[in-house]
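Please look over the chain below before reading on. The notes that follow are grouped by topic.

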Amino acid sequence: MNKSSTLQNTLMLAPLIGATSSLTTALGLWLMFMLVISCFGLSMGALRPRMHPTTHLLTSVLLAATLTTCAELGAQAWSLQWNQHVGIYAGLIALQCVVLEHTGFFQKSWRDRLRLSGLFGLVLVSMGLLRELVGSGTIATHLPWLAGMTQAGWQGWVLTADGGLRLATLAPGGFILLGLLIAAWQAWHRPTPLSH
């Protein structure tokens with residue numbers, strides 16, 4: 001693991017823990033992430049050959065901030081309830097765009113970019129699903145928010161009547177669940193020693 005991938009993965013940790021308290025917030029943040037980084041990648045691809053190297057960082061910061069702000073304003077107009085639940089984590093997409101540009105993410109093939117973005121989305125949505133399931137005992141409680149509707153009549157799928165373990169929907173519970181998932185992954189993929 002090099003320094004750039006460590007920085008890139010560390011920046012993805014904040015929305016992974018902070019914005020995955022429910023499936024709806026995780027899915028919506030991933031959709032916003034995909035929209036912003038796609039527009040950013042296309043725009044920087046068109047601007048990069050025409051820019052002087054000294055203006056590269058400033059241009060990427062301004063472009064990322066502009067696109068993320070536009071996406072946030074659009075999300076507020078579309079579904080204020082969802083936008084309030086995502087909070088500050090949507091703003092971190094701009095920082096992630098700048099770091100991805102700096103590490104050469106947008107110069108990779110579109111398949112590599114799609115694979116990494118899809119993997120991030122899979123982890124984000126999986127964490128949101130697990131945290132909502134364990135924390136509330138429901139699945140997709142606020143899903144109509146992504147369609148711009150209020151929650152009139154939709155209760156999601158209630159799996160337990162008395163709720164769940166509230167800690168799972170809080171940030172410490174997100175860290176605990178992520179740690180347990182990483183430990184399970186490492187235990188599953190640990191090579192078995194050869195016996196003689």
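Of the 196 residues of the chain, 34% count as buried. The model is a predicted one. Its secondary structure amounts to seven helices and two strands.

**Overall layout**

- Read from the N terminus, the elements follow the order α-α-α-α-α-α-β-β-α.
- Among contacts in the chain with a separation of 6 or more, 70% come from residues 24 or more positions apart.
- Val-134 belongs to helix α6, and it is partly exposed because its relative accessibility is 39%.

**The largest nonpolar core**

- In soluble globular proteins, nonpolar side chains tend to be buried together.
- The largest nonpolar core here has 33 residues, and those touching the most other members are Leu-29, Met-32, Phe-33, Ile-37, Phe-40, Ile-93 and Cys-97.
- At least two residues of this core come from each of α1 (3-18), α2 (23-47), α3 (56-78), α4 (80-86), α5 (92-102), α6 and α7.
- Helix α2 contributes the most to this core, with nine residues.
- Leaving aside neighbours within four places in sequence, Met-32 is in contact with Ala-71, Glu-72, Ala-75, Trp-82, Ala-90 and Ile-93.

**Helices α3 and α5**

- Two packed helices are described by the angle between their axes and the distance between the axes.
- For α3 and α5, the axes come within 8 Å and cross at roughly 145 degrees, and the crossing is right-handed.
- On the α3 side the contact is made by His-56, Leu-57, Ser-60, Val-61, Ala-64, Ala-65 and Thr-68, and on the α5 side by Ile-93, Ala-94, Cys-97, Val-98 and Glu-101.
- The residues of this contact of α3 with α5 comprise eight nonpolar, three polar and one charged.
- Is Ser-60 buried or exposed? Ser-60 counts as buried because its relative accessibility is 1%, which is under the 20% cut-off.
- Ser-60 is found in α3, and, apart from neighbours within four places in sequence, it is in contact with Phe-40, Met-44, Val-98 and Glu-101.

**Helices α6 and α7**

- Helix α6 covers residues 110-136 and helix α7 covers residues 171-188; they pack at an angle of about 115 degrees, and their axes are 11 Å apart.
- The crossing in which α6 passes α7 is right-handed.
- From α6, the residues Met-127, Leu-130 and Arg-131 meet Ala-171, Gly-174, Leu-177, Leu-178 and Leu-181 of α7.
- This contact of α6 with α7 is made up of six nonpolar residues, one polar and one charged.

**Cysteines**

- A disulfide is a covalent bond between the sulfur atoms of two cysteines.
- How many disulfides does the structure hold? The structure holds zero disulfides.
- Cys-97 is in no disulfide.
- Cys-39 has a relative accessible area of 31%, so it is partly exposed.
- Cys-97 has a relative accessible area of 0%, so it is buried.

Note on methods: Residues are numbered from 1 along each chain as its sequence is written. This is a predicted model: local features need pLDDT of at least 70, side-chain atom pairs count only at pLDDT 80 or more; totals for chains, interfaces and linings use all residues. Side-chain values use heavy atoms; hydrogens and water are left out. Axes are lines fitted to C-alpha atoms, for helices over the stretch in contact, and angles run from 0 to 180 degrees between N-to-C directions. Helices (H or I, at least four residues) and strands (E, at least two) are DSSP runs, numbered from the N terminus. A crossing is left-handed if the near helix is turned anticlockwise from the far one by less than a right angle, and right-handed if clockwise. Contact means heavy atoms within 4.5 Å. Ala, Val, Leu, Ile, Met, Phe, Trp, Tyr, Cys and Pro count as nonpolar, Asp, Glu, Lys and Arg as charged, and the others, Gly among them, as polar. A nonpolar core is a set of buried Ala, Val, Leu, Ile, Met, Phe, Trp, Tyr and Cys residues joined through side-chain atoms within 4.5 Å. Buried means under 20% relative accessible area, exposed over 50%, partly exposed in between (1.4 Å probe, protein chains only). A disulfide is a pair of cysteine sulfur atoms within 2.5 Å.
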